[in-house]
Amino acid sequence: MDWAFDNSFHDSMEGFYAPAEAAKPSAPKLLIFNHALAGRLGIAVGDATEEQLARIFSGEEMPGGATPLALAYAGHQFGHFSPQLGDGRALLLGEVVAPDGARFDIQLKGSGPTPFSRNGDGRAAIGPVLREYLMSEAMAALGVPTTRSLAAVATGDRVQREHAHPGAVLTRVASSHVRVGTFQFFAAHFGADHVVQLSDYVIRRHFPDLVDTNNPHLALLNRVIGLQCELVAQWLGVGFVHGVMNTDNVAVSGETIDYGPCAFMDRFSVNTVFSSIDANGRYAYGRQPQILHWNMARFAEALLPAIHAVDPTDVEAAKDIINEIPERFRTAWHAHIRRKLGLKDIADDATLIDNLFDALEGHGVDFTSFFRALAMLLRGDGSMLERLLPAPDAMAPWIGDWWEHIEREELGPLEIADAMDAVNPVYIPRNHLVEAALGAAEAGDLAPWLELLEVVRHPYMPRPAWALFAGPAPIEFGPYKTFCGT
């Protein structure tokens, strides 16, 4: 296999990581390989066999040019600061430069203990591995910035949690794995010089246009906040609940990272929580914008030594940027929801948008299907909307207001409907389908998971054969809880 490794973090950031090696799996077996993503990365697999791929993507063999390491970082976990976390079960093999010049990290997740494992085994079970693969590929298909999944390999070993599970390794691809928690670690333990070095590296790698600004570190804060506002707005737009928005799970590149206790809503509820460990609803669906604000304030605190080193007066500018986050998020969110509703930027649509979510909550409407039903209504077919609502006139006042806005648009109803269908999915990873697929995979049958993966990779085009993938869970499925998977 041909890998275009160019390991800038390893070569220029010594002291920001610990060298590490993967544990040897007993019987690696390839579960899936993402050939399309490999092509995007410029990784030529050639005539490599599944056995060879399994050895490489389980960590049994290192590809030429790899410099395996575990990254150091800290993080606020459920609001409490943990001064040292780090990659406890992940190895960064290195960075590849794609044919178009874009740089990507290649990381093994679940490949064994590292210096940051904190007495953990560093392993991963097949369920969490396949969940992350499925969820990250679904998010990519939805157009949401995300890490990606290149491969999943069964190790042949058992991983002991509450019960013994088949072990597996995920190969994760990211623009980088630098997190807010990375900045927190070096701010807490080493001070300004290390924060400046890390900030300079991130700017060169991700945002080279900021190099010549008056205070690049202040500009970095502003840029990352903008990316996070857009990201969380997109999460809300597809009904996604991350579940564990700790600062060590916030990538400064603006990508969704760490698919642990995440899930998508069926019935809309602003207080939806899926994580079994989020007893107080800190990371509920509707709390995600507030947590975004809180996390970015922590990022600012970690960056302040670098900002201050350039110009002490810019500390006040950093505070102003943080204070502007709620309005910046609301702007991003309204722009996103307007597209879902088929509307342009109309001055008086804020009330319409706010009232929509009150109505969805009050009537327990399926979030994903509702927007497709609105588009069908524009085509003169109200049957889908009738099926979704508890009574035919349940949302009549809101729908009437929405129609008034639609009538002011320049485009006609059919064109608006087509535009709505381009941004409102038919298929998401419905929770009951995910659980059924993961259960079958753990029992040795990968076919249901592969079928679900194919569906969520094509979220916008309805197909009659996929009708069962478009609806919410049956009542007997009950309340849904997800688990971290570590």
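**Exercise 1. At what angle do helix α8 and helix α9 pack, and how far apart are their axes?** Then classify the pair and describe the contact.

*Solution.* Keep in mind that this is a predicted model.

Step 1: Start with the geometry. Helix α8 covers residues 288-310 and helix α9 covers residues 314-323; they pack at an angle of about 170°, with their axes 10 Å apart.

Step 2: Classify the angle. Angles over 145 degrees count as roughly antiparallel, and α8 and α9 are therefore roughly antiparallel to each other.

Step 3: The crossing of α8 and α9 is right-handed.

Step 4: Look at the residues. From α8 come H293, M296, A297, A300, L304, I307 and H308, and they meet D314, V315, A318 and I322 of α9. By type, the residues of this contact comprise eight nonpolar, two polar and one charged.

Step 5: Recall the helix repeat. An α-helix has 3.6 residues a turn, so residues three or four places apart point the same way. With that in mind, revisit the α8 side of the contact, where M296, A300, L304 and H308 are among the residues listed.

**Exercise 2. Check what span helix α7 should have, and see how its residues are covered.**

*Solution.* 

Step 1: Work out the expectation. The expected span is 1.5 Å times one less than the number of residues, so the 22 residues of α7 (residues 216-237) should span 32 Å.

Step 2: Compare with the model. The end C-alpha atoms of α7 are 31 Å apart, which agrees.

Step 3: Ask about cover. In α7, 17 of the 22 residues are buried, so the helix is mostly covered.

Step 4: Pick one residue. Q234 is found in α7 and is buried, with a relative accessible area of 11%. Leaving aside residues up to four places away in sequence, Q234 touches G143, V144, P145 and H336.

Step 5: Look past the end. α7 is followed by G239, whose phi is positive, near 75°.

Note on methods:
Residues numbered from 1 in each chain as written. Predicted model: local features only at pLDDT ≥ 70, side-chain atom pairs only at ≥ 80, totals over all residues. Heavy atoms only, no water. Helix = DSSP H or I, 4+ residues; strand = E, 2+ residues; numbered from the N terminus. Buried < 20%, exposed > 50% of the residue type's maximum accessible area, 1.4 Å probe, protein only. Axes fitted to C-alpha atoms, helices over the stretch in contact; angles between N-to-C directions. Parallel < 35°, antiparallel > 145°, perpendicular 65-115°, else oblique. Left-handed = near helix turned anticlockwise from the far one by under 90°. Contact = heavy atoms within 4.5 Å. Nonpolar A, V, L, I, M, F, W, Y, C, P; charged D, E, K, R; others polar.
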